[in-house]
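Please read the structure below before the grouped points.

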Amino acid sequence: MSSIRDIQEALAAGRSCCEIATQALKRAQADTTNAVVRIHQQLALEQAAVVDARRAAGEQRPLDGVPVLIKDNLCLQGVEVSAASRILAGWHPPYTATAVSRLIDAGAVVIGTANMDEFAFGSSNETSAHGPVANPHDPTRIPGGSSGGSAAGVASGIVPLALGSDTGGSIRQPAALCGCVGLKPSYGRISRYGLIAFGSSLDQIGPLSSSVADTALALQVMAGADANDATCSQRPSNECLASAADLAGLRIGWVPEHDRDCAPAVQQRLHELRQALAENGAELVEISLPHERFAVATYYIIATGEASSNLNRFDGVHYGQRAEGCSNLAELYRQSRSQGFGAEAKRRIMLGTYVLSAGYYDAYYKRAMQVRSLIIEDFQRAFASCDLLLGPTSPSVAFRRGEKSDPLSMYLSDVFTIAANLAGLPALSLPIGSDEQGLPIGAHLQAPQWQDGRLLSAAAAIEKVCQGW
Amino acid sequence: MSLQESEVRKVAGLANLILSDEEVASFGEDLNAIVTYIEQLQEVDVSGVLPVVGVSGIETCSRTDEPQPALPREQILAMAPQANEQAFLVPKAVNR
């Protein structure tokens with residue numbers, strides 16, 4: 001993997017952004033994991049030339065020359081964006097997502113679009129209309145999902161930074177399975193303007209990179225109020241710059257039941273990490289989150305309900321693909337949607353439509369929103385006795401492609417990451433070594449809402465402890 | 001709780017999806033497994049618990065009511081599968 005510092009050093013050594021972009025474009029072309037679905041040769045070189053000209057005029061910015069991949073659900077004017085779905089094939093958005101334009105303003109160069117699960121529906125990147133992505137550590141295994149292309153692109157060294165989106169773990173789980181750092185900021189920290197919506201009360205954009213420092217820098221650049229997203233917070237975001245926290249006296253909560261649900265290698269690494277943290281003076285506190293076991297059920301009601309509503313707009317009229325030969329409008333809607341959506345998208349639209357339908361709303365959606373309140377209260381109680389929570393990101397290392405064929409077992413692979421979305425918490429996955437086959441393992445850190453800065457400083461300290469693992 | 005085939009077809013209709021007989025069978029099976037799983041929420045005591053309305057705690061904010069530049073019409077219509085200079089084109093919706 002490469003880092004933002006590598007780019008800064010290359011610039012300091014006299015290399016141009018255009019040269020750096022050209023090299024990254026070559027790496028993207030040589031990619032064998034299917035992480036990159038579109039390479040933006042011309043756009044990238046134009047952006048790099050702008051950065052070179054600005055620097056030549058004496059102005060430097062924090063992400064100058066940093067090649068990035070953006071997930072295929074983030075709008076970028078001038079290129080195709082399809083959310084890895086046939087229904088949006090060929091669509092060119094009329095504007096650029098706020099998060100992406102802030103990266104570009106800060107000097108980053110978008111070299112390509114990263115593969116993903118269709119509409120971010122998946123935990124393995126197997127539902128993409130562009131085909132599956134291979135895990136760079138073992139091509140027979142999945143990279144995680146839904147931001148699988150972003151994670152694989154960083155892990156295989158194509159780019160030091162990629163953007164993903166996270167509705168139930170879609171940044172953190174692939175980061176864990178590919179061995180990089182992935183952050184889902186607090187809900188409302190980064191504008192969602194220009195992100196193709198999945199579950200609007202859960203979605204957040206976030207960075208994947210090789211280090212906590214690069215993660216913090218990317219967050220700092222993207223965070224903050226946006227007139228185009230009323231759910232984006234006005235709070236100042238200057239707490240996001242990470243300097244490593246002092247581990248002495250840091251109260252780190254952990255939930256003993258989590259270990260039992262994990263593969264032995266994951267359990268072992270977490271046990272070693274807790275020991276190492278305790279040796280460094282951290283106080284490990286056992287925590288109970290009594291309603292967390294309901295998080296997956298709660299999530300699949302709320303997320304699919306919101307998704308079915310958000311995906312109603314894809315009907316063959318305003319954008320994307322339209323079915324041929326339809327004689328009336330109703331048939332046009334039905335045929336366009338049936339031909340355009342993949343199986344998992346249809347499954348989730350059906351489930352969401354069902355839980356929101358007349359007669360079932362109270363039993364499912366309303367009840368899920370009540371349980372969501374209880375999950376939030378659990379976290380509030382937990383954070384009264386600890387500063388952050390530490391646990392596994394994924395119950396296992398990367399599984400084999402095709403291994404999880406039934407939808408429910410796939411949904412359960414997000415069991416540890418979903419609650420943070422339900423509660424709007426900032427959460428991050430940090431690499432903590434690998435199993436005996438060399439497959440990466442990630443630790444999951446969660447902090448109270450708006451404590452993104454605390455999360456990053458603690459993560460920076462823990463990253464030091466795990467150096468060389 | 002289990003969804004009958006007729007209910008799967010009804011939900012597909014509400015969702016504007018056409019399913020083949022095989023899809024009705026396989027989605028029906030998947031949905032039944034998922035619905036059985038989410039039924040576990042019925043065991044949670046939610047009496048007196050308010051449903052979440054938003055997690056960010058942000059008050060609904062409104063901007064001053066002044067005209068803002070909007071995307072040009074041509075640009076929006078250019079994204080459509082079929083349009084003329086002024087409108088999205090669709091097949092006839094009302095027969096008479």
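By class, 13 nonpolar, eight polar and two charged residues make up the lining of the largest pocket, where Ala, Val, Leu, Ile, Met, Phe, Trp, Tyr, Cys and Pro count as nonpolar, Asp, Glu, Lys and Arg as charged, and the others, Gly among them, as polar. The model is predicted, so that local features need pLDDT of at least 70 and side-chain atom pairs count only at pLDDT 80 or more, while totals for chains, interfaces and linings use all residues. Residues are numbered from 1 along each chain as its sequence is written, chains are lettered from A in the order in which they are written, and side-chain values use heavy atoms, with hydrogens and water left out.

**Interface of chains A and B**

- In chain A, 67 residues are in contact with 51 residues of chain B, contact meaning heavy atoms within 4.5 Å.
- About 5,100 Å² is buried between chain A and chain B, 70% of it on carbon and sulfur atoms; this is the accessible area (1.4 Å probe) that the two parts lose on being put together, summed over both.
- On the chain A side, Met350(A), Tyr354(A) and Arg367(A) lose the most area to chain B, together 14% of what that side buries.

**Salt bridges**

- Three salt bridges are counted between chain A and chain B, each being a side-chain nitrogen of Lys or Arg within 4 Å of a carboxyl oxygen of Asp or Glu.
- Glu43(B) and Arg293(A) join their side chains in a salt bridge, at 3.6 Å from N to O.
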